[in-house]
Amino acid sequence: MFPTLTLMSSPAPAVAPSALDRFFHISERGSSVAQEIRGGFVTFFAMAYIVVLNPLIIGTVKDGTGEFLGGGQAPNLAMVAACTGLVAGVMTILMGVVANYPMALATGLGLNAFVAFGIAATPGVTWADAMGLIVLEGLIILVLVLTGIRRAVLYAIPSGLKTAITIGIGLFLTFIALFDAGIIRKAPATPVELGIGGELSGWPALVFVLGLFTIAVLLVRKVTGAILYGIVGATVLALVVEGVGRIGSQTDATGKVVNPAGWSLNVPKLPEQVVATPQFDLLGNFSLLGSFSSLGVIAAILTIFTLLLADFFDTMGTMVAVGSEGGLLDEEGNPLNSQRILIVDSVAAAAGGAAGVSSNTSYIESAAGVGDGARTGLASVTTGVLFLLSMFFAPLVSIVPHEAATPALVIVGFLMMQNVTDIDWRDIEIALPAFLTMVLMPFSYSISAGIGVGFIAYVVMKVVRGKASQIHPLLWGVAGLFVIYFAIDPIKQVFGVA
């Protein structure tokens, strides 16, 4: 019997990782270039709705001097959309290159509503003043990150109040959405009513309802990009409805309501051009210290603090959630390169103000791309490039009516509301301040009012129950500032200040 001859094959030579792989540690994190690019696409489609929604939120509100964003007498939604895409693209690429983290940034929802309705619309305040506050807020956060104070501030605010602020903003957004879409309106005998005379009338109302349920169904089916698809679908329906029915606008050229069942913002129709050279006239449209004269020093300081709160906690929670989804947390539960992430996020806040599109912040929708396999900053670079490409399609934003876009805001409000179970409603010390924070935001049409009353109520509850020692010194100071803020007119009268 002849011996068996076994041929030993030589091991294939190891392929050296490419420079791209080494820079982003793609193989080290168990990913591939194709997987990262795909994850970047998924993240973009999950949050691309902001390119449409941000112009509709901040681009349709007059400032305290009667001007629209950009200094005109009419909205320029295409310009706001282009600048929104620009900042989101640049800062998301920066997140990928500097922090090597699969997290995208764009204009913060909720925060942009606060800037529009809570700051810019204040009598005497200009859009430049409001954006100057955003720049200041971003620079202050950057200093706090570099000095390590950010963590101290994070622990100063009770978690229940942080949660209530998020929920309150969600309710505020929902109220704005329902009102802008004409689902609720001012009424002769009551503050508001359902539709027209207590009934939903007109085709635009149907577009809103169908858009809302479309997004809801897509979310239930866990479809990535559900919000964007809902907006696009509702817009197509609106175009068909207007093309067939010729419904027209609610108001005439003077702003007088002449057609209650018409479209509330703009009449949906195809633009003259789909692709256009982006307009960047908003860049640099900010006044760093203008708000201190238009709002007053105390009000300006409190407004900056309110902006700080919103940016602070959203980012911390988002980067941990995204890291947890992708196994990118260290042994202590902190995201990899957390300091770099926070630095980029802080710069993004200031950049959003400097570009006139409101503070940019990290998006939880990044978890969609991570869930699809993204593990490195290459995914963020991919998402950022797509945002830059979206600038050239900015004219499409002008065809989206309120009735097609605002269903997305209602859904965002619902998603924020889900955090309500994190509040201990059996503990009145935190439950009552949280409740006041949540309800006063939509009912007073002021985010800062809700936050201020919540902080003051929390301090009062602790003091009357003999637990003043549990109040963080920073919270004492903030509550005191809000007392001055609410009582500023009596204080001026006492000291004879005009």
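In this predicted model, Phe172 counts as buried, its relative accessibility being 2%. The ring of Phe172 is paired edge-to-face with that of Phe117, at 6.4 Å from centre to centre and with 85° between the planes. Phe117 is likewise buried, with a relative accessible area of 18%, which falls under the 20% limit for that class. Because Phe117 belongs to helix H5 (residues 111-120) and Phe172 to helix H8 (residues 159-180), with 55 residues separating them, the pair links distant parts of the chain.

The structure holds 6 aromatic pairs, and another of these joins Phe455 and Phe482, whose ring centres lie 6.1 Å apart with planes at 85°, so that this pair is also edge-to-face. Since Phe455 is found in helix H18 (residues 447-464) and Phe482 in helix H19 (residues 473-486), the contact ties together parts 27 residues apart in sequence. Both residues are buried, and together with Phe486 they make up one aromatic cluster.

Leaving aside residues up to four places away in sequence, Leu109 touches several residues, among them Tyr49, Ile57, Tyr363, Leu409 and Met416.

On the surface, Leu20, Val33, Ile37, Phe41, Phe45, Val223 and Tyr229 form a nonpolar patch with about 520 Å² of accessible area together. Helix H2 (residues 33-47) supplies the largest share of the patch, 4 residues. Ile37, which lies in helix H2, is partly exposed, with a relative accessible area of 34%.

Methods. Residues are numbered from 1 along each chain as its sequence is written. This is a predicted model: local features need pLDDT of at least 70, side-chain atom pairs count only at pLDDT 80 or more; totals for chains, interfaces and linings use all residues. Side-chain values use heavy atoms; hydrogens and water are left out. Contact means heavy atoms within 4.5 Å. Patches are made of residues with over 30% relative accessible area and no salt bridge: like charges are joined within 9 Å, nonpolar side chains (Val, Leu, Ile, Met, Phe, Trp, Tyr) within 5 Å. Accessible areas come from the Shrake-Rupley method with a 1.4 Å probe; for residues, only the protein chains shown count as cover. A salt bridge is a side-chain nitrogen of Lys or Arg within 4 Å of a carboxyl oxygen of Asp or Glu. Helices (H or I, at least four residues) and strands (E, at least two) are DSSP runs, numbered from the N terminus. Buried means under 20% relative accessible area, exposed over 50%, partly exposed in between (1.4 Å probe, protein chains only). Rings of Phe, Tyr and Trp (its six-membered ring) pair if their centres lie within 6.5 Å; planes under 30 degrees apart count as stacked, over 60 as edge-to-face and the rest as tilted.
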